[in-house]
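Have the model open as you read.

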Amino acid sequence: MLLDQQTFEQRFGPRFEEAMAEARDYVDHPDKLRAEVDDQEAGRDRAKLSVPRPDQYAYRMMNYRGFVRFPERLKNYIVAKADIREEYCDSLPVMMDVEPDSRCNFRCIMCARAKEGVRSKDKPRLTFDEFRRFMDTNPQFVEVKVQGVGEPLLNPDLFDMISYAISRDTWVRTTVNGSLLHKDENYKRLIDSGIGEVQTSFDGATKEVFERIRVGSDFERIVANLKLMNEYVATKDRDYTRMWVLLQNNNRHQLLDFIELAAGMGFRRMTYSVVLTGWGEEDCFDDLKTKAFSPEEEARIIEVGKKEGVDVSVWNCTDRFRVGSPETLCPVPFSRAFIASDLRIIPCGTIGYSPEVDFGNALEFRKHWNSKQYRRFRRAHLEGNIPKFCRECYDLDRAEERGPRK
C-alpha cells in the first residue's frame, strides 16, 4: 500500500484485524472453507450464464495463505477495495499481467500481429531473473496472469516463473494456444507447476474454420494435445483447464458446436468471449466483431452445456465504459497494468503490443505507479478526455453531447 501506517490504522485498523483473523481461521481450518464454497456452488443460479471464475476453494485458499504470510499484501488489498478512482492511488495493483514472450508461432487474424506495420519488440523474451526481481518488489499481488501477446510456452523460463509466483502464494493463470503442449511433456509440467488455471484459446469447431482464423495452426495436433492435457488433469483433485472461445463473425455459426467439442476434448469448463478489441485502434477488426447472445441462444447454450457436462460461462463486456462519473470509467488505469516482455509498463493489456506506449520500467513499478505521466493518464479519464488508444472501449457519442467532465 502507499498509505503511511498511521493513516492506515486510523482508516482500516479494525477491518485489517478482522480480515487477518478470518484468513488465519481458513488456513487453519480448510474444511470450513471447503464447506462454504460447496454451499455457494450448490446455490449458484444455473439458469443464466455467469462470468468465468477460478476454482473458488483453491483461489481463496491461495489468497488467505498469502495474506497470512504477507500482512502488507492484506493491507494493500483492503485499501484497494476501498479506493475510489482518483488521479492518485493509495493502493498498488493487486492483479497484474506479465508477458513472458511476445513472439508467437501463429498469426491469428484478430491479433495485433495481423495489423500492418506492427513490429516485434526489441526484447521479445522476459528472463526468469527479471520476473523474480519484479515479483520480489511487488509482494502485494494476489493474482498474476503470465501471458501477453505471444505464446508463453516459447519462453523456456515459463515454468520457473509460474513456480516462483506460486511459491509466494500468488494465484497464477496463463493462456496457451495448445500447439506446444506435447513437446517435452509441457502439459504435465504446466499442471504440476501448481498453476491456478490454464486457458486455451480455441476459435474454430472444425479444421477449416480453426485454421482460417488461427493461421499457422494444426487443428488435429492441437485437439490431440488438449485431450492429452485433460486426461492428465482428470487424475488430479480439481479442474485446472478452461477452453476459451473468442466469438467472431467467422465462427458464430458454430456456437453450440464448441460445447460438444469441448466435452470431447475433456474440458469441463468453457468460456465464450464476445470481446474482440482493436488493440487500441478504433474501428479495427470491426468486420470480425459479433453480437452478444439472444435470450434464446443463452437458453440453448445452458441446455447443451448441462447435457455435455460442461460449465459454460461468458465474458461479455459489450457495454462500453462511459465518461462523466468515476464509477463508469474503465477500472484498469486505477487498478492494473501490463508488463511487456521488454519490461515496459503499459497501462492495459489491450494495447500490449504498442511500441509507443511506455509508462516506465517495471523493475521500478512502485515509483512509476503515481508518476506525473500516470496521474495525467488517470486525470484524462476523469475529465472525459479519453486517450486515443483507450477510445475504442468507451461509448463517447453521448459523452461528446454532454461535453467533458468538469
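One cut-off first: a residue counts as buried when its relative accessible area is under 20%. Keep in mind that this is a predicted model.

By that cut-off, N138 is buried, because its relative accessible area is 1%. You'll find N138 in the loop that links helix 5 (128-136) to strand 3 (143-146). A polar atom of the N138 side chain sits 3.0 Å from the backbone oxygen of F134.

Next up is helix 6. Seven of the ten residues in helix 6 (residues 158-167) are buried, so the rest of the structure largely encloses it. The buried ones are L158, F159, M161, I162, Y164, A165 and I166. Their cover includes the elements in this table.

| Element covering helix 6 | Residues |
|---|---|
| helix 3 | 56-69 |
| strand 4 | 171-176 |
| helix 7 | 186-192 |

Helix 5 and strand 3 are also part of that cover. Following helix 6 comes D169, with a positive phi near 55°.

Now the core. The largest nonpolar core has 123 residues, and L190, F202, M270 and Y272 touch the most other members. Leaving out residues up to four places away in sequence, L190 touches, among others, L158, F159 and I162, which are buried residues of helix 6.

Finally, the sheet: it's open, with nine strands in the order 9-8-7-5-4-3-1-10-11 and mixed pairing. Strand 9 (311-315) and strand 11 (345-346) are the edges, each pairing on one side only. Strand 1 (residues 95-98) runs parallel to strand 10 (residues 338-339), joined by two bridges, and D97 stands opposite F338 in strand 10.

Technical notes: Residues are numbered from 1 along each chain as its sequence is written. This is a predicted model: local features need pLDDT of at least 70, side-chain atom pairs count only at pLDDT 80 or more; totals for chains, interfaces and linings use all residues. Side-chain values use heavy atoms; hydrogens and water are left out. Helices (H or I, at least four residues) and strands (E, at least two) are DSSP runs, numbered from the N terminus. Buried means under 20% relative accessible area, exposed over 50%, partly exposed in between (1.4 Å probe, protein chains only). A polar contact is a pair of N or O atoms within 3.5 Å; within protein, one must be able to donate a hydrogen and the other to accept it, and residues adjacent in sequence count only if both atoms are side-chain atoms. A nonpolar core is a set of buried Ala, Val, Leu, Ile, Met, Phe, Trp, Tyr and Cys residues joined through side-chain atoms within 4.5 Å. Contact means heavy atoms within 4.5 Å. Two strands pair if DSSP finds at least two bridges between them.
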